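I am opening a notebook on this structure and will set down, entry by entry, what I looked up.

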Amino acid sequence: MSAALSVWEGNWDNRETARSKHDIVPRVSNKPVGWHREELMFVTGHGLFTSYLHRFNLRTHDSCSCGEKGDPMHYVTKCRFTLSWHFQTPTVSLKLQWLKKILTNNLSRTRLRLLMRFICDENNLIVDDIH
């Protein structure tokens, strides 16, 4: 392993933040992981989610148009606007295994990508800034 890759691995292993991402991608690599942009958006929570936009003061609130917190889990399990793409809600203790199972199943990954595209294309429907 190169010195730079070793430093990167050390930083990744010892970070205080992004622990949920570390659980999904435990090792750094300079090789592509084979994930689509939409899958990365979901796993990282970075994208057109109201919870993410609110964090950077790009929205006045973190609520979806349906009234609940607009984080990735909300859109993939509960939101009435994304009902066609819902997955079963995991228990808190099994959330990591649930996510890994989705990311290793081609049909689930396709459904997840379709959901993320819908969120991007129809963002004005699910992000109401009037709350």
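At what angle do helix 3 and helix 7 pack, and how far apart are their axes? Working from a predicted model, I found that helix 3 (residues 37-44) and helix 7 pack at an angle of about 80 degrees, with axes 8 Å apart. I therefore noted the two helices as roughly perpendicular to each other, since angles of 65 to 115 degrees count as such.

Next I looked up which residues meet there: from helix 3 I listed Glu-38, Glu-39, Met-41 and Phe-42, and from helix 7 Arg-109, Leu-112, Arg-113, Met-116, Arg-117 and Cys-120. I sorted the residues of this contact into 5 nonpolar and 5 charged, with no polar ones.

I then turned to the rings and counted 4 aromatic pairs in the structure. One of them joins Tyr-52 and Phe-56 edge-to-face, with 5.1 Å from centre to centre and 65 degrees between the planes. I recorded Tyr-52 as partly exposed because its relative accessibility is 21%, and Phe-56 also as partly exposed, at 43%.

Another pair, Trp-85 with Phe-118, is tilted, with 35 degrees between the planes and 4.8 Å centre to centre. This pair links distant parts of the chain, for Trp-85 sits in the loop between helix 5 (72-77) and helix 6 (95-103), while Phe-118 belongs to helix 7 (residues 106-121), 33 residues apart. I wrote down Trp-85 as buried because its relative accessibility is 18%, and Phe-118 as buried too, at 19%.

My last entry concerns Arg-111, which lies over the face of Phe-87, 3.9 Å from the ring centre.

Technical notes: Residues numbered from 1 in each chain as written. Predicted model: local features only at pLDDT ≥ 70, side-chain atom pairs only at ≥ 80, totals over all residues. Heavy atoms only, no water. Phe/Tyr/Trp six-rings, centres within 6.5 Å; stacked < 30°, edge-to-face > 60°. Buried < 20%, exposed > 50% of the residue type's maximum accessible area, 1.4 Å probe, protein only. Helix = DSSP H or I, 4+ residues; strand = E, 2+ residues; numbered from the N terminus. Lys NZ or Arg CZ within 6 Å of the ring centre and 35° of its normal. Axes fitted to C-alpha atoms, helices over the stretch in contact; angles between N-to-C directions. Parallel < 35°, antiparallel > 145°, perpendicular 65-115°, else oblique. Contact = heavy atoms within 4.5 Å. Nonpolar A, V, L, I, M, F, W, Y, C, P; charged D, E, K, R; others polar.
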